[in-house]
Amino acid sequence: MTLAEGVWHQIFGFENYGELLALVRNSLIAGVALGLVGGLAGVFVMMRDLPFAVHGISELSFAGASAALLLGVNIVAGSIAGSLLAAGAIGVLGTRARDRNSVIGIIMPFGLGLGVLFLALYKGRAANKFGLLTGQIVAVDTPQTAWLLGTSALVLVALAVMWRPLAFASADPDVAEARGVPVRALSFAFMIVLGLAVALSVQIVGALLVLSLVVTPAAAAARLTASPVVLPLLSVVFAVLSIEGGILLALGSSIPISPYVTTISFTIYAVCRWAGTCRTRRWGAPRTA
């Protein structure tokens, strides 16, 4: 076997694929929930210019998950605790864009440093350590799936309740505040919801590449439409395709899931950007309804 064939076999190997498929049943179920959460939350991440915040929250989520792994407690709970701590700090301290970016810049290395410390102290399987950074698909057991689905349902309900006022506050915060919309309270509430969404995504994609699930699908959808109805629908579809496709491809290889998810997500974005550019050149700016 040549080097190229060996590398190709590592990336795409589908021996006994049907038998392996049963091992990722929980991951496929969780992937649909994560696609819904990431796709919908990503719409507001783009509207509110918060991609940097997503990365900052993911670092402390990684620290929380690493601490849970070290202590032998529920990893999802640890990840959620870390995310909520970061989201709360950003929401309280970062009311302005400049302040928010400064807070995130402080939180990111702190969270990553804590995570590395906890993993260095952990004496268990190396795969568990690596999975927190780059994602894993076969380690999602039934209790963890229940946590993921329950938290996803909570996030979706919260987004449904605050969707219209949050969209108003995101599009024009000054006018929204003048009309009595609780802009600051909504901003803090969304940061908490975003923290939960990031914590969920870390479980599958890993802490380093959460942006591919929470940011890229919404950015891709925005290249095609500005419709308040079509945009979130496309964002969810793109997120689900990315996570489910990544799971199915990673199952037949020895490579972690994150390169597959990020590649699919980026490819979707590149195609949408090209299609949007072509349409703009031919027909002008896309209609918003």
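Is the crossing in which α4 passes α5 left-handed or right-handed? In this predicted model, α4 passes α5 in a right-handed crossing.

**How the two helices meet**

Two packed helices can be described by the angle between their axes and by the distance between those axes. Here the axes of α4 and α5 come within 7 Å and cross at roughly 145 degrees. On the α4 side, the residues that meet α5 include Ala53, Ile57, Gly64 and Ala68; among their partners in α5 are Gly78, Ser79, Gly82 and Ile90. The residues of this contact divide into 11 nonpolar, 6 polar and no charged.

Now look along α5 itself. Its 19 residues should span 27 Å at 1.5 Å a residue, and its end C-alpha atoms are 27 Å apart, so the two values agree. Buried residues in α5 include Val76, Gly78, Ile80, Ala86 and Gly91.

Asp49 sits in the loop between α3 and α4. Asp49 is not a glycine, yet it has a positive phi of about 55 degrees. Its relative accessibility is 57%, over the 50% cut-off, so Asp49 counts as exposed.

**The nonpolar cores**

| Core | Residues in the core | Some members |
|---|---|---|
| Largest nonpolar core | 65 residues | Val45, Val54, Ile57, Phe190 |
| Another core, apart from it | 7 residues | Ala220, Leu231, Phe238, Ile268 |

Val54 is one of the members that touch the most other members. Leaving aside residues up to four places away in sequence, Val54 touches Val45, Leu194, Val198, Val210, Leu211, Val214 and Val215.

Note on methods
Residues are numbered from 1 along each chain as its sequence is written. This is a predicted model: local features need pLDDT of at least 70, side-chain atom pairs count only at pLDDT 80 or more; totals for chains, interfaces and linings use all residues. Side-chain values use heavy atoms; hydrogens and water are left out. A nonpolar core is a set of buried Ala, Val, Leu, Ile, Met, Phe, Trp, Tyr and Cys residues joined through side-chain atoms within 4.5 Å. Buried means under 20% relative accessible area, exposed over 50%, partly exposed in between (1.4 Å probe, protein chains only). Contact means heavy atoms within 4.5 Å. Helices (H or I, at least four residues) and strands (E, at least two) are DSSP runs, numbered from the N terminus. The expected span of a helix is 1.5 Å times one less than its number of residues. Axes are lines fitted to C-alpha atoms, for helices over the stretch in contact, and angles run from 0 to 180 degrees between N-to-C directions. A crossing is left-handed if the near helix is turned anticlockwise from the far one by less than a right angle, and right-handed if clockwise. Ala, Val, Leu, Ile, Met, Phe, Trp, Tyr, Cys and Pro count as nonpolar, Asp, Glu, Lys and Arg as charged, and the others, Gly among them, as polar.
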